[in-house]
Amino acid sequence: MPKQTGGQRLRLPLEWLGILPFVVFAVLFLILPTMKIVVGAFQTPDGGFTLQNLLDLNTPSIRSAYWTSIKLSFVTALLGCAIGFAMAAAVVFGGMPKGVRNPLVTFSGVASNFAGVPLAFAFIATLGPVGLVTVWLRTEFGINLRAMGFNLLSFWGLVITYLFFQIPLMILIIIPALDGLKREWREAAAVLGATGAQYWRMVALPILFPSLLGTFALLFANAFGAVATAFALTGPQLNIVPIKLFAQIRGDVLGNPNLGYALAFGMIVITALANFLYIWLRVRSERWLK
Amino acid sequence: MTRFFAWGTFLLGCLFFALPLIGMTEFSLKMRRGEYSFDAYRRVFEDQRFWDTFSYSLILAAATIVVGVLLVVPTAYWVRLKLPQARPVIEFITLLPLVIPAIVIVFGYIRLYNTSSFLPLTGSALGTDILLTMGYTTLALPYMYRSVDTGLRTIDVATLTEAAQSLGAGWITILSRIILPNVMVAVLSGAFLTLAIVLGEFTMAALLNRPAFGPFMQLLGANRAYEPPALAVIAFAITWGCMGLMQLVTRFSKHERAKA
């Protein structure tokens, strides 16, 4: 390497030049727009610093929007985790034929991406006022879902609809984790006299706990940021944060642009908390999956 | 006993996933009273807006894939070859779109690139299209980067680069004729996922007021009864097609490697 002494000084900046396009892209289309929102949340209309926007979020309407959103994300994440885990465990440990597993994984890949507007249509055609299941229950069994208080365009209607992409996402993430449970651990536990339930409670679940909790956080963030499904299902009237923000961006319904920034800032804070929990727990859980 | 519960759980789950799919298919066939027909599909396909918005979204998806590949492949390559210390930062940035909801990102775009800003992209249709493409590239970034980076892990980047350099290849030749063909499978699987994401995307296109497929579906859903489930069936078929192609290229590559 004859040129090393001369090249040493030049090398550092030139190498960093290689990722310049990426950095420029990230700054222009990811970091600056987000900073604009974050800074705007702490600004008065004429640019001074204020905490008033964040304090103004504390109105009954916005509070209930956040509360409904958090509840919706929490419930769909919890049910998604539980049902997804049960299905994954059934396929991995339930002694089912090998041919079941790959189609389930493939289908989960499709269904977790089948969110948004078409998903809302599918559920309207199934559980809507004249949907397949609604009509079938009414004509065959005389069960009137509407009279029983079920409405697809309500909180629980949204929960059922969101589960269609939450459960598959859970299945996709948890199957590799279940595969990571070594056969030897179960055998070792059995040799020491553990029952099946004891094995699950004292060996398998503590090992899986970080990935379960982490996936829960991911599903939470996934539901919290979803706009299209809810919007196509219920239109602009449902009071959840993403829909409120959508209406605010379209037409400043809050009557204060900086309050819109604060609303968006609140969303970033909540999804960021959930995601960092996910990433942190994922790193912890991967120790066991080698 | 275990097997009984396993089958029970699995079949209940399958029922939950099958019912909406059956529901939308059945509903989409019911347009003619008293018999099944494809009238709803005919209506959809006769609608000029369907073709306009669909081809618009398709073009945007193609642009997104091109921008994504041009951005991600050289960066991931360079980070692996020369800048391993930049890796955590780059990975963190590529994960950000999963942290920041799309609606917040597009909100930032609208405020940052309005007509009175330093880069007035929303001032013209072409500018907004560019902005939307960049937005989609951002949404697809986590998947594209992961896919390409995993692809690069399976090849010996340093040796291939040195071999190409000693034969006189420049950086562009190395990237386009050595690295890209080697990670083609990863690029393709990222591309099909991008296609599936872009074709159904609603939030960004609606807020930037562009005539994309997602907002068109929403509009039809608000005004019609039988066409929306037909659209849902079409959208599901498209998603399924994208994922199927993704699996196909992955499986194809496994066979290639097994032979080698």
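Student: Which residues of chain A does the annotation "domain: ABC transmembrane type-1" cover?
Tutor: In this predicted model, UniProt, in an unreviewed entry, assigns that annotation to residues 66–278 of chain A. The span is 77% helix and 0% strand, and its end C-alpha atoms lie 21 Å apart. For chain B, UniProt lists residues 54–249 under the annotation "domain: ABC transmembrane type-1", again from an unreviewed entry. That span of chain B is 81% helix and 0% strand, with end C-alpha atoms 25 Å apart.

Student: Which parts of chain A carry the annotation "transmembrane region"?
Tutor: According to the unreviewed UniProt entry, they are residues 12–32, 72–94, 114–137, 149–178, 198–220, 227–247 and 259–281. Two of these may be set side by side. Residues 259–281 of chain A are 100% helix, and their end C-alpha atoms lie 33 Å apart. Residues 227–247 of chain A are 67% helix and 0% strand, with end C-alpha atoms 11 Å apart.

Student: What is the secondary structure of chain A?
Tutor: Chain A has 13 helices and zero strands. Read from the N terminus, its elements run α-α-α-α-α-α-α-α-α-α-α-α-α.

Student: Why is chain A called more spread out than a compact globule?
Tutor: The globule rule gives 19 Å for 290 residues, whereas the radius of gyration of chain A is 24 Å; the value is well over the rule, and therefore chain A is described as more spread out than a compact globule. The C-alpha atoms of chain A fill a box of roughly 70 × 65 × 30 Å along the principal axes. Of its 290 residues, 42% count as buried. Among contacts in chain A with a separation of 6 or more, 76% are between residues 24 or more positions apart.

Student: What is the corresponding description of chain B?
Tutor: Chain B comes to 12 helices and zero strands. Its C-alpha atoms fill a box of roughly 75 × 65 × 35 Å, taken along the principal axes. Buried residues make up 45% of the 260 residues in chain B. Of the contacts in chain B between residues at least 6 apart in sequence, 75% join residues at least 24 apart.

Student: Why does Ala264(A) count as buried?
Tutor: The cut-off for buried is 20 or more other C-beta atoms within 10 Å. Ala264(A) has 29 such neighbours, so it counts as buried. Ala264(A) lies in helix α13 (residues 257–286) of chain A. Leaving aside residues up to four places away in sequence, Ala264(A) touches Ile37(A), Leu245(A), Val104(B) and Phe107(B).

Student: What makes Pro21(A) partly exposed?
Tutor: A residue is exposed at 12 or fewer neighbours and buried at 20 or more, with partly exposed in between. Pro21(A) has 14 other C-beta atoms within 10 Å, and is therefore partly exposed. Pro21(A) is found in helix α2 of chain A. Pro21(A) and Ile279(A) are 258 residues apart in sequence and 27 Å apart in space, C-alpha to C-alpha.

Student: Where is Asn209(B) found, and why does it count as partly exposed?
Tutor: Asn209(B) is in the loop between α10 (203–207) and α11 (213–223) of chain B. With 14 C-beta neighbours inside 10 Å, it falls in the intermediate range and so counts as partly exposed. Asn209(B) also has a positive phi of about 60 degrees, although it is not a glycine.

Student: Where in chain A is confidence lowest, and where is it highest?
Tutor: Helix α1 (residues 4–17) of chain A is lowest, at a mean of 59, and helix α2 (residues 20–41) of chain A is highest, at 93. Chain A averages a pLDDT of 85, and 94% of the residues score at least 70. Where pLDDT is low, the predicted coordinates should not be read in detail.

Conventions. Residues numbered from 1 in each chain as written. Chains lettered and ligands numbered in written order. Predicted model: local features only at pLDDT ≥ 70, side-chain atom pairs only at ≥ 80, totals over all residues. UniProt positions renumbered as here; feature names shortened; annotations may be inferred. Helix = DSSP H or I, 4+ residues; strand = E, 2+ residues; numbered from the N terminus. Rg over C-alpha atoms; globule rule 2.2 N^0.38 Å. Contact = placed C-beta atoms within 7 Å. pLDDT = per-residue confidence, 0-100.
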